[in-house]
Amino acid sequence: MIPAALLAAVITYARTIPIPDYGRAPIAVSQDGRMLATRAASSATVRLFETATMHEAGTIALPKRQYAYLAGLAFSPDGHSIAGIWGSVIVWSMTERRVRWMLPESDAGLSLAYSPDGGTLYAAGTSTMLAAYVSARGSFQRSAPDAAS
């Protein structure tokens, strides 16, 4: 479901944002519908936009050489964090715009999502691995290696 604020911004302002790789860049919208995030074209940054105006609200730096592989983004339910995934999982603070925690390279790499209360961050890898992490500190909780079956 598209948040009303995002839909209104697109209809009202009809402004487009260039997204690299013909639309294959990850995109995320905050729970309250006020912020949108996507990977910046040919840059090691995540671009943040206010959905009401579609004006850029800032950027967040990606680790070196990882921007081309960023596969997913997700805002925490409270909007205080944003997570990214490629061959690793990284969580940034939205207020400080810096890394809170990052996991070493692993099988994680395709998609991620927060639990409704924001306490758990789920990550899916290129195999059948589905893992859960404590979102505040990145510690491993559990995995489901047979998630695809």
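Student: Where does Ser30 lie, and why is Ser30 called buried?

Tutor: Ser30 lies in the loop between strand E1 (27-29) and E2. Strands (E, at least two residues) are DSSP runs, as are helices (H or I, at least four), numbered from the N terminus. Buried means under 20% relative accessible area, exposed over 50%, partly exposed in between (1.4 Å probe, protein chains only). Ser30 has 6%, so Ser30 is buried. This is a predicted model, where local features need pLDDT of at least 70, side-chain atom pairs count only at pLDDT 80 or more, and totals for chains, interfaces and linings use all residues. Residues are numbered from 1 along each chain as its sequence is written, and side-chain values use heavy atoms, with hydrogens and water left out.

Student: What makes the pair Ser30 and Asp32 a polar contact?

Tutor: A polar contact is a pair of N or O atoms within 3.5 Å; within protein, one must be able to donate a hydrogen and the other to accept it, and residues adjacent in sequence count only if both atoms are side-chain atoms. The side chains of Ser30 and Asp32 are joined at 2.7 Å, a polar contact. The Ser30 side chain also reaches the backbone nitrogen of Arg34, at 3.3 Å.

Student: Which residues is Ser30 in contact with, leaving aside neighbours within four places in sequence?

Tutor: Met35 and Phe75. Contact means heavy atoms within 4.5 Å.

Student: What makes a nonpolar core, and which residues of the largest one touch the most other members?

Tutor: A nonpolar core is a set of buried Ala, Val, Leu, Ile, Met, Phe, Trp, Tyr and Cys residues joined through side-chain atoms within 4.5 Å. The largest here has 15 residues; Val46, Leu48, Leu73, Phe75, Ile82 and Trp92 touch the most other members. Two or more residues each come from strand E2 (35-39), E3, strand E5 (72-75) and E7. A second, separate core has 13 residues, including Val89, Val91, Trp101 and Tyr133.

Student: How do you know which strands are the edge strands of the open sheet?

Tutor: The order is E5-E6-E7-E8, with antiparallel pairing. E5 and E8 each pair on one side only, and that marks them as the edge strands. Two strands pair if DSSP finds at least two bridges between them. Strand E6 (residues 81-85) and E7 are joined by five bridges. Within this pair, Gly84 stands opposite Ile90 in E7.

Student: Why is Met54 called buried, but Arg97 partly exposed?

Tutor: Met54 has 5% relative accessibility, so Met54 counts as buried. Arg97 has 30%, so Arg97 counts as partly exposed. Met54 is in the loop between strand E3 (45-50) and strand E4 (55-61). Arg97 is in the loop between strand E7 (89-93) and strand E8 (99-102). Phi is positive in each: near 60° for Met54 and near 55° for Arg97.

Student: Is Asp117 buried or exposed, and how do you know?

Tutor: Exposed, because Asp117 has 64% relative accessibility. Asp117 lies in the loop between E9 and strand E10 (120-125). The Asp117 side chain makes a polar contact with the side chain of Ser115 at 2.6 Å.

Student: How many residues separate Asp117 from Pro77 in sequence, and what is the distance in space?

Tutor: They are 40 residues apart in sequence and 6.8 Å apart in space, C-alpha to C-alpha. Tyr114, in strand E9 (residues 108-114), is 37 residues from Pro77 in sequence and 7.2 Å from Pro77 in space, C-alpha to C-alpha. At 13% relative accessibility, Tyr114 counts as buried.
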